[in-house]
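User: I'm new to this one and would like a walk through it. Could you take me along step by step?

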Amino acid sequence: MNVHRSIVLAVALAVSLSVLGMRVALAQEAEAPPRLSWSFHGPFGTYDQAQLQRGFKVYREVCSTCHSIKLLAFRNLADPGGPDFTEAQAATVAASFQVTDGPNDKGEMFQRPGKLADYFPPPFPNDQAARAALGGGLPPDMSVLAKARSHEAGFPRFIFDAFTQYQEAGPDYIHAILTGYEEQPPAGFALSPGTQYDKYFPGHAIAMPKPLSDGQVEYTDGTPATVDQYAKDISAFLMWAAEPKLDERKRLGFQVFVYLIVLTGLLYFTKRRVWHDVHHPAVS
Amino acid sequence: MSAHSIYKPQSSLMQWLERRLPIASLVYSSFIVYPTPRNLNYWWTFGGILTFMLGAQVVTGIVLAMHYTPHVDFAFNSVESIMRDVNYGWLLRYLHANGASFFFVAVYAHIVRGMYYGSYKDPREVLWILGVILFLLMVVTGFMGYVLPWGQMSFWAATVITNLFSAIPWVGDPIVSWLWGGYAVGNPTLNRFYSLHYLLPFVIAGVVVLHIWALHMVGQNNPTGVEAKAEKDTVAFTPYATIKDAFFIGVFCLFLAWFVFYIPNYLGHSDNYIPANPGQTPTHIVPEWYYLPFYAILRAIPSKLLGVIALLASIVLLAFLPWLDTSRVRSAKYRPLYRQFLIVFFLVVIGLGYLGSRPPEGGYVIAARILTAYYFVFLLIILPLLGLFETTKPLPNSISESVLAPPQPSAAKV
């Protein structure tokens, strides 16, 4: 009984502490990004190839003006589990970019059309050039952005997230930022010059101008050309860019689970058999 | 049950080997006929799980090292190239990173078991101290490993933790520069952390040998805390303990696989996917989850030096448990008061872990101070006094009595 009482006391203490903490947290943090349903969620989740292709289109026509994606190679576009472009299509994309190569025989650097093995060239030669062109702000590289952003679930939700396999805080956050712009900040919010109000951005003042508007990117497959859809597609594309082996990982994961469950089950029954005589000694 | 039978080589080859290097008889006596108490529960499988995890970490780590570049300009991208271009590199890295977490899950379970059943008491003091040394080595190794991907959290964790040494009076700052190999965390720091991260697991392996050696000198404790006296109190290590350990390693691997394959970044911090940037401090610098209770203790103390001392003391004091605990009864099963205080102690450590992940402000600080106070009061005051005043329950005469003839409800009043 005493043990129970002390456990109850400890739990009560923990709950009151976390309530205390949540009040502190609520005062500072931006609104929690809505959790969307992604095709790549859960144990059997896979990327939606058409969505990745649309997302790539958004990246190419909008984001790539300012954001680099240095760790992505043109060849990756044709990788299994990716946007599922053919190698020829990926090569065409590559050839439409100019990459710097060299030095040549004369010791000079030169420009040439990209090849499959090349990486996406950055829009600016270096960070300083980007800052100079964009009024001081530095757009982050997008290669692993979808894993580098998240929103803390807080207690007790983070515990449930381990069971529901929630790993999409990054794409949820990116989608939220892209759809969270508001023309007018709430009354009393002083917006510093060169920033916009975004209800999901920590601190709300974001230096990136609202990048997407309805109808900006042409979709040929009948998908609605809305900011919300663009935001979903680019977030999915960036998740793939950050975690290109997700399909393979979940597929192998299922095989490993089947194997481990069978193995562990066999070990359990072997254990029972081995220990039988110890637990049920023959009466002499 | 031939608990004390001696290995007799059958083939002439093994006879030849036995006269030159009696390794087969060592294995035979240590891992086959070695007597192990018959009443061990599944808490006793974590030793085997830890050995397994050490092996798994060494194997995945060595392969990762073949592809990793310990240089501030290349480390982050080399880890990403492992994730993208190395065959099953993503698997190796997620196994290694989540494996470190599960290594700590297992070591905490192992420590909880040791404290609950009084496994540190005479004659197992040296065994226990070696265990505390192993835990310290794991803490250092894990920390250095976390620095290697050279993300934002890697860099700032390295900065915060190495800066703790600056709290030492007079020689603090020179020590910190010496650790860094410069005047800030930089390439020399990353290089030496990599070198030590590769070295320390083998030091751990060496101490594990001593730990197992000490264990085999004194024998295993068991849930009753009563020493094995007769042959019927024990069973042979193989097949009994071997199959039980193997089964539970399977269960443990299922948990690990859940994280590796389905939520590989759940235990990590998203900021560590941002390349290290010495010019930009993250909003909240938090260590890996397994250090959070100690981090909370560090921050609960207003003075930096005292905080560092408390942090160190919170681990080192554990080595003195055999002497802080004055009770002659080992197992918490027969110590009702100790059991209650100990369970609260475990809950306090979990609470400290939660507080370590929160920003050090407002109610969190007050709560962390209360829980830190309990941590030390338990170890330094409650434990020594309990042994003197606690009325313990009657112990069974032997292990086999506790297993084979469970006391009747009426006998429990005795």
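User: Let's start with chain B, then: what does its secondary structure come to?

Analyst: The secondary structure of chain B comes to 16 helices and two strands, where helices (H or I, at least four residues) and strands (E, at least two) are DSSP runs numbered from the N terminus. Please keep in mind that this is a predicted model, in which local features need pLDDT of at least 70, side-chain atom pairs count only at pLDDT 80 or more, and totals for chains, interfaces and linings use all residues. Residues are numbered from 1 along each chain as its sequence is written, while chains are lettered from A and ligands numbered from 1 in the order in which they are written.

User: And what radius of gyration does chain B have?

Analyst: Chain B has 24 Å, which agrees with the value near 22 Å that a compact globule of 414 residues would have; the radius is taken over C-alpha atoms, and the globule rule is 2.2 Å times the number of residues to the power 0.38. Along its principal axes, the C-alpha trace of chain B spans about 70 × 60 × 45 Å.

User: How much of chain B counts as buried?

Analyst: Of its 414 residues, 43% count as buried, meaning that 20 or more other C-beta atoms lie within 10 Å of a residue's own, whereas 12 or fewer make it exposed and anything in between partly exposed, with C-beta atoms placed from the backbone.

User: Which residues of α7(B) are buried, for example?

Analyst: Helix α7 of chain B covers residues 152-163 and reaches 16 Å from its first C-alpha to its last, close to the 16 Å expected at 1.5 Å a residue, the expected span being 1.5 Å times one less than the number of residues. Nine of its twelve residues are buried, among them Phe155(B), Trp156(B) and Ile161(B). What covers the buried residues of α7(B) includes α6 (125-147), α8 (172-180) and α9 (187-218) of chain B.

User: Now the other chain: how many residues of chain B are in contact with chain A?

Analyst: There are 38 residues of chain B in contact with 40 residues of chain A, a contact being two residues whose C-beta atoms, placed from the backbone, lie within 7 Å. On the side of chain B that touches chain A, α10(B) gives the most, with 13 residues. By class, that side has 23 nonpolar, eight polar and seven charged residues, counting Ala, Val, Leu, Ile, Met, Phe, Trp, Tyr, Cys and Pro as nonpolar, Asp, Glu, Lys and Arg as charged, and the others, Gly among them, as polar.

User: In which order do the three strands of the open sheet in chain A lie?

Analyst: The order is β3-β4-β5 in chain A, with antiparallel pairing, and two strands pair if DSSP finds at least two bridges between them. The edge strands are β3 (181-182) and β5 (205-206) of chain A, each pairing on one side only. In β5(A), Ala205(A) is the bridge partner of Tyr197(A).

User: Where is Asp84(A), and what is its phi?

Analyst: Asp84(A) lies in the loop between α2 (49-61) and α3 (87-95) of chain A, and has a positive phi of about 65° although it is not a glycine. Asp84(A) is partly exposed, with 16 other C-beta atoms within 10 Å. Most residues other than glycine have a negative phi, and most peptide bonds are trans.

User: Which peptide bond from a glycine to a proline in chain A is cis?

Analyst: The bond from Gly102(A) to Pro103(A) is cis, with omega near 0°, and Pro103(A) lies in the loop between β1 (98-101) and β2 (110-113) of chain A.
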